[in-house]
Amino acid sequence: MSEQPVGHGPVHIQLLMGPKLARPVPLEVAEALLSAQITTTAGERSGFQFAFDLTKNGLLSRRLLPEGFFDPKTRVIVTVSVRGTPEVLFDGLIVRQEVGASNLPGHSTLTVTGEDLTLLMDLEERTARYPNLPPSQRVLAILRRYSDYGIRPDVYQEKIAQPPHQDLRVHYQTGTDLQYVTELARANGYTFYLEPGPGPGHSAARWGPEVRIGLRQHALNVNMDALSTVDQLTFAYDGTAREEPQARWQDPGTRQSTLLPQPPVSPLRPPLGRRPTPALKRKTLSGTAKQQREQAEAELLARAAVSADVISGSGSLDVGRHGYLLQPRRLVGVRGAGRAYDGDYFVKSVTHNLRPGSFQQNFTLSREGLEARGDTVRP
Amino acid sequence: MAETEPYESALDSIPGAHPYPRTSRYHDAEIGVHRRADGSEVRYTKRRLLPPLDEETEPHTVGAGERPDLLGQRFLGDPGQWWRIADANPVLDPRELTDEPGRVIGIPLTGGFPRGERRV
């Protein structure tokens, strides 16, 4: 690495800011960046926190801060390129700023905190009716309103078809768009999140099952001497995490109430472990009797799928040593953790910690049973 | 192992069905399906067109003994990324880049996104 010119290291960060249309920040802002922390979790909203050096007569405190460069609702896009491969890490809005003025020179900081673009969907409460639209069409209709922020819908059809009946029930939204979309996702066993990329200024709004098939990311190696890429990895196996939900449904014609059959969760979550964990707990869902049958079935499936993951792992890695960026909400292989815990995992959350000279990632993994299904993982 | 479910190995067995990794220049290339006379399907990567040449570059004077992979390691941190430099210049044979010492070539800025038709 000695022959690399300054500023051309394997990790290169670019910060874009601006109202709605983000532009690359002035050089002074980029140089004042002390640290950046970005958290992305499956099924939850992502957030960021940046710390800037606030010198007394610098551009930040003299002009940019009073002129509203760091005002709330300013859009922030962070791109990072690891070994020449660029990636959008985050696309969001500033929510809050804190200025810590210090007596010591060079210790005054500006801390900016924000959330991803789903914040836009959570600002305004709305009451709307969606007659004769199945859940995925309702989500599409809502997402159409946010296309000017570069949000592209990536909406999947629900697993259990719920044909709408205008005469029986008209679906009604109260609350914010985000609440309604998340509620619809949860009722179908899906997740809703925004995934930034592929280019800066674009993001995909995924309303669908978690990505548990397809190409695995580069494997995390632990306990492999010089080939280890992960500093440490801890696994926990919680036997009570899985529960078997039960739902009863009443036929409005005959008044007969029946126990719905247990659906297989594998279409929603393909198994990653060879030995699935039996459910110790049994839980009865409330309120399913008066729903339409398809809705009750979808909810039963959703609840069974949500609690399926019993094994969780957490650890941290150095991106410079690993060589690749670990992406959340995808699959990754683990090597060197022993026969029980090796194999493919779903990356539940990743926290990126960036500061000049270091890029660390803390991550959590999950899957539903011990032992790997296959003999190999992608290196 | 338990019996094979339809979702697993449906994609794994077909070459080219998976997207190329992010580091590859074929990551954005489209995967085509060719149907042979006997009805069987062959997947292939469609021709990749060079991205438009309006990106900013940094000039670099080629020295003796330089190779595209060395330039990739030096400027982008990975020898496998030489194709970004070849794309920015543009040359068909990467050896053309460093054939004659003294030639000035453009190095794309680190952190720049390819401008081509990028697909997810």
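**Entry 1: two helices**

I looked up how H3(A) and H4(A) cross, and the crossing is left-handed (the near helix is turned anticlockwise from the far one by less than a right angle). This is a predicted model, where local features need pLDDT of at least 70, side-chain atom pairs count only at pLDDT 80 or more, and totals for chains, interfaces and linings use all residues. Residues are numbered from 1 along each chain, chains are lettered from A, and side-chain values use heavy atoms without hydrogens or water.

H3 covers residues 135-143 of chain A and H4 covers residues 177-187 of chain A. I took helices as DSSP runs of H or I with at least four residues, and strands as E runs with at least two. The two axes, lines fitted to C-alpha atoms over the stretch in contact, come within 10 Å and cross at roughly 155 degrees. That makes H3(A) roughly antiparallel to H4(A) (angles over 145 degrees, on a scale from 0 to 180).

Next I listed contacts, meaning heavy atoms within 4.5 Å. From H3(A), A:Pro135, A:Arg138, A:Val139 and A:Ile142 meet A:Asp177, A:Tyr180, A:Val181 and A:Leu184 of H4(A).

A:Phe48 is buried at 3%, and A:Phe90 is buried at 2%.

Notes. Angles under 35 degrees count as roughly parallel, over 145 as roughly antiparallel, 65 to 115 as roughly perpendicular and the rest as oblique. Buried means under 20% relative accessible area, exposed over 50%, partly exposed in between (1.4 Å probe, protein chains only).
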